[in-house]
Amino acid sequence: TTAAAVAATSVVVLDRGNNTTCTINLHGATVVSWRVNNQEQLFVSKLASFDGKKAIRGGIPFVFRKFLLLPFHMWMRSQTVFHLPSYLAQFGPWTFGPQHGFARITRWHLDRAPERLHNGDVEAIFSLMDNDFTRSIWNYQFRITYRLILREKELHFHIGVYNPSKDLSFSFNMLLHTYLKVPDVRRCQITGLQGCHFIDKTREGAIYQEGREVVTVNEWTDRIYQHTPQEHVITNVVSGRKMRLHKYNFPDTVIWNPWIDRSREMSDFGDDEFPNMLCVEAGNVSAPVILLPGTAFEASQILQVFMHII
Ligand code: BG6
């Protein structure tokens, strides 16, 4: 694929051979498919919109500037040290901006078309810089680079956010909103959350501490686990396999499933689809990252399919 060919389309495919591919839609740099030996690992709703306007419902949307995630009272409870100015900094014109930020509804640029590395892995690099649209929502200069590497059983995500300004700092929240495809969400278990505090968005943002060694999902679930360890294992994903999620510089993990009632409220999500998805989202959610002028922030994630069946 050449960059010129891609300019005409919206989709970039990394192909590693053996029916192992990763497809990225430039709309939001959303990973819309990840196949390992022809087996799809990601959930995309059958009602997802690809109109280039709405965010794509499923795959892995890139969430940047997700400030409206937490209503004030929830945000306040989630902070160990309370800074009113940093909360207020999130408002202004942003109050009317998109709920999950503009990055997932903006067309990204393909910086490096898929390229085979010496070891057979395939890499592609995407970027997003401030433009008239982003500045109309959030008036800052920024540059995000998003490097994806497709390996035999793994997908690597490397993110860099740069503040090119000489004098202005900015702050942001960021999240890889991963929708895993699962045969039955009730049978999934998520490790690595025991002992962590979480904001329960289904209970007015109350904060609890997780007591379970493995977390299961049997009802509407919307939790921001804070200061989670670098690794989670999710069992019973496609074909009864396990998925390992490894993260670096993403202190929080969101677990989300809309269940029955909330599914009905979403126009781009089928009423019967909730048993087949589980969102496990690595991010900086409960506290913003503050980026001083001329500095950069980096974070990464690795998804890995365990080949043995459990
Ligand atoms: C999750 C949030 O990350 O995303 C939920 O914790 C939210 O509260 C969900 O409902 C989906 O959000 P959206 O904007 O894609 O409908």
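UniProt positions follow the numbering used here, feature names are shortened, and annotations may be inferred rather than shown by experiment. Residues are numbered from 1 along each chain as its sequence is written. This is a predicted model: local features need pLDDT of at least 70, side-chain atom pairs count only at pLDDT 80 or more, and totals for chains, interfaces and linings use all residues.

**View 1. Overview of the protein.** The secondary structure comes to 5 helices and 21 strands. Helices (H or I, at least four residues) and strands (E, at least two) are DSSP runs, numbered from the N terminus. Of the 310 residues, 38% count as buried. Buried means that 20 or more other C-beta atoms lie within 10 Å of the residue's own; exposed means 12 or fewer, and partly exposed is in between, with C-beta atoms placed from the backbone. Contacts require C-beta atoms, placed from the backbone, within 7 Å. Among contacts with a separation of 6 or more, 69% come from residues 24 or more positions apart.

**View 2. Arg57 and the annotated binding site.** The unreviewed UniProt entry places the feature "binding site" at Arg57, Gln99 and Arg104. Arg57 sits in the loop between E4 and strand E5 (62-64). Arg57 counts as buried because it has 23 C-beta neighbours inside 10 Å. Leaving aside neighbours within four places in sequence, Arg57 is in contact with Ser45, Leu47, Ala48, Asp268 and Phe269.

**View 3. The annotated active-site pair.** The UniProt annotation "active site", also from an unreviewed entry, covers His177 and Glu281. They are spread over 105 residues of sequence, yet they cluster in space, with a largest C-alpha distance of 4.9 Å. His177 is in the loop between strand E10 (170-176) and strand E11 (179-181). Glu281 lies in strand E20. His177 is buried, because 23 other C-beta atoms lie within 10 Å. Glu281 has 22 C-beta neighbours inside 10 Å, so Glu281 counts as buried.

**View 4. Surroundings of His177 and Glu281.** Residues up to four places away in sequence are left out of the contacts of His177 and of Glu281. His177 is in contact with Ile60, Pro61, Val63, Cys279 and Glu281. Glu281 touches Leu175, Leu176, His177, Thr178, Thr253, Val254 and Trp256.

View 5. 6 of the 6 residues of strand E19 (residues 252-257) are buried, so the strand is largely enclosed by the rest of the structure. In a regular strand the side chains alternate between the two faces of the sheet. Both faces of E19 are covered: Asp252, Val254 and Trp256 are buried on one side, and Thr253, Ile255 and Asn257 on the other. Strands pair if DSSP finds at least two bridges between them. Strand E16 (residues 221-225) runs antiparallel to E19, joined by 5 bridges. Thr221 has Asn257 of E19 as its bridge partner. E19 also runs antiparallel to strand E20 (residues 277-291), again with 5 bridges. Here Trp256 stands opposite Cys279 in E20.

**View 6. The open sheet E1-E2-E3-E4.** Its 4 strands follow that order, with antiparallel pairing. Strand E1 (11-17) and strand E4 (39-40) are the edge strands, each pairing on one side only. Strand E2 (residues 20-25) and strand E3 (residues 30-36) pair in the antiparallel sense over 5 bridges. Thr21 stands opposite Arg35 in E3.

Terms used:
Two residues are in contact if their C-beta atoms, placed from the backbone, lie within 7 Å.
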